[in-house]
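Here are some notes to read alongside the model, written for someone meeting it for the first time. Please keep the picture open and find each residue as you go.

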Amino acid sequence: MKYNFDKLIDRTHTSSVKYDLRQAFFEKGDVIPMWVADMDFETPGFIREAVIRRAEHPVYGYTFRDTDYYQPVVAWMQSHHDWIIRRDEIIFTPGVVPAINFAVMAFTKPGDKIIVQPPVYPPIYRAVSDHDRRLIYNQLICQEDTYLIDFGLLEEQAKDAAMLILCNPHNPVGRCWNSEELEKIAQICLENKVLVFSDEIHADLVMPGFSHRVFACLSPGVAEITITAHAPSKTFNLAGLSTSSVIISNPMLRATFSQVIEKMHLGMGNLFGSVASTAAYLFGEPWRLQLIEYLDDNITFTETYIRKNIPALHMFRPEGTYMIWLDFRNFGFDDKTLKNKLIHDAGLGFNPGTDFGPGGEGFMRMNIACPRATLAIALERLWELFSGIS
Ligand SMILES: Cc1ncc(COP(=O)(O)O)c(C=O)c1O
């Protein structure tokens with residue numbers, strides 16, 4: 001079956017953060033929304049059908065997750081990530097961001113140092129400061145065409161840190177950290193007894209030519225210090241269903257983490273999220289493969305357009321995720337002016353790079369998970385804005 005990613009869908013008036021909060025976020029309600037990380041494609045039919053089937057049962061009472069829920073997660077991890085896990089190593093969480101916060105609460109105490117690697121997805125560093133832990137920035141090194149980890153700095157920082165929150169694939173710079181990089185992180189964290197929270201929510205959205213390596217899979221020792229978060233939400237466009245998995249091999253860490261979830265009574269979760277997750281993992285592979293092809297074409301389309309028409313704008317081609325990290329520094333605008341120009345002169349709703357912490361100055365994040373026709377309009381507007389300036 002051929003899926004149609006070109007279909008334009010009106011998402012307004014659906015309480016969509018991306019669409020219906022434009023006025024609140026951009027002070028302009030009609031920007032092309034290329035910010036929040038969800039996709040403008042239909043959630044696939046086999047997922048919608050599963051949800052509708054369950055919705056037709058007239059009682060929406062308390063539910064639990066049984067083998068039907070866990071087995072597809074276990075099978076997916078094995079088939080897609082060569083990761084053999086047991087059902088009892090998986091803990092349901094109502095989202096990956098909540099899971100990061102629970103891990104910070106469960107495994108560290110106020111004042112503890114937690115390392116993050118900016119520019120990075122804002123809830124990652126907020127989970128540290130919001131719980132009065134000390135934020136340690138292991139800022140990524142921006143090279144001409146890629147981003148690298150500052151291992152020298154990481155070695156120093158790890159000496160007295162409690163935890164590292166790894167983002168892999170990395171949002172917003174789009175790196176899929178390779179085996180060598182992950183091995184180095186692992187070695188530093190093992191030597192210094194630093195726990196690793198590995199946010200792998202984008203792991204199933206890796207572009208052709210790249211691969212995702214599960215951090216916890218590096219060795220049994222690494223698995224012992226790692227808390228992994230995974231979810232079907234980005235890949236299958238289910239973010240509104242708040243359903244994710246945390247996988248912890250170490251039984252002590254697992255028990256501690258589970259206690260936090262239980263104390264807050266969050267383990268029950270969302271009935272429709274479970275149904276959708278199961279359908280996604282059971283039937284989603286053909287859709288996922290076509291999606292990646294479409295996203296990769298969107299990335300190439302963007303790259304070709306920018307190179308040809310706006311050469312002063314530098315784009316970091318993502319290895320994973322559907323976010324494009326754009327470097328506007330050649331234009332010489334301060335961040336406020338850049339943001340205003342994009343919103344008010346071009347009608348484009350990107351995420352300001354400064355939201356991602358140090359290293360985001362002069363950058364913007366653009367979400368290209370939309371029909372190509374929308375992308376083409378956005379790029380044309382970008383060109384119109386910058387054509388006279390470069
Ligand atoms: C790296 C990363 N982690 C977590 C999330 C959100 O996770 P959730 O919606 O499951 O809380 C996102 C969404 O953009 C993300 O990019």
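The points below go from the overall layout to single residues.

1. First, some ground rules. This is a predicted model, in which local features need pLDDT of at least 70 and side-chain atom pairs count only at pLDDT 80 or more, while totals for chains, interfaces and linings use all residues. Residue numbers start from 1 along each chain as its sequence is written.

2. Begin with the layout. The protein is divided into domain 1 (17–44 + 285–386) and domain 2 (59–283), with bounds taken from an automatic or database domain assignment. Taken over C-alpha atoms, the centres of the two domains are 25 Å apart.

3. Now look at where the domains meet. Contact joins 27 residues of domain 1 to 31 residues of domain 2; two residues are in contact if their C-beta atoms, placed from the backbone, lie within 7 Å. On the domain 1 side, helix 13 (285–309), strand 12 (323–327) and strand 15 (363–367) each supply at least two residues. Helices (H or I, at least four residues) and strands (E, at least two) are DSSP runs, numbered from the N terminus. Helix 13 gives the largest share of that side, four residues. By class, the domain 1 side has 14 nonpolar, seven polar and six charged residues. Here Ala, Val, Leu, Ile, Met, Phe, Trp, Tyr, Cys and Pro count as nonpolar, Asp, Glu, Lys and Arg as charged, and the others, Gly among them, as polar.

4. Which residues have the most contacts inside the largest nonpolar core? They are Ile100 and Ile114, in a core of 120 residues. A nonpolar core is a set of buried Ala, Val, Leu, Ile, Met, Phe, Trp, Tyr and Cys residues joined through C-beta atoms within 7 Å. Buried means that 20 or more other C-beta atoms lie within 10 Å of a residue's own, exposed means 12 or fewer, and partly exposed is in between, with C-beta atoms placed from the backbone.

5. Helix 5 (residues 96–107) deserves a visit. Its buried residues are Val96, Val97, Ala99, Ile100, Phe102, Ala103 and Val104. Leaving out residues up to four places away in sequence, Ile100 touches Pro123, Ile124, Ala127, Ile165, Phe197 and Asp199. The 12 residues of helix 5 should span 16 Å at 1.5 Å a residue, and the end C-alpha atoms are 16 Å apart, which agrees. The expected span is 1.5 Å times one less than the number of residues.

6. Next, find the ligand. It is surrounded by 13 residues, the closest being Ala37, Gly95, Val96, Val97 and Asn171; a residue is near a molecule if its C-beta atom, placed from the backbone, lies within 6 Å of it. The shell divides into eight nonpolar, four polar and one charged.

7. Finally, check the backbone. Most residues other than glycine have a negative phi, and most peptide bonds are trans. The bond from Pro118 to Pro119 is cis, with omega near 0 degrees, and the bond from Asn171 to Pro172 is cis, with omega near 15 degrees. Ser242 has a positive phi, near 40 degrees, and counts as partly exposed because it has 19 C-beta neighbours inside 10 Å. His265 has a positive phi, near 60 degrees, and counts as exposed because it has 7 C-beta neighbours inside 10 Å.
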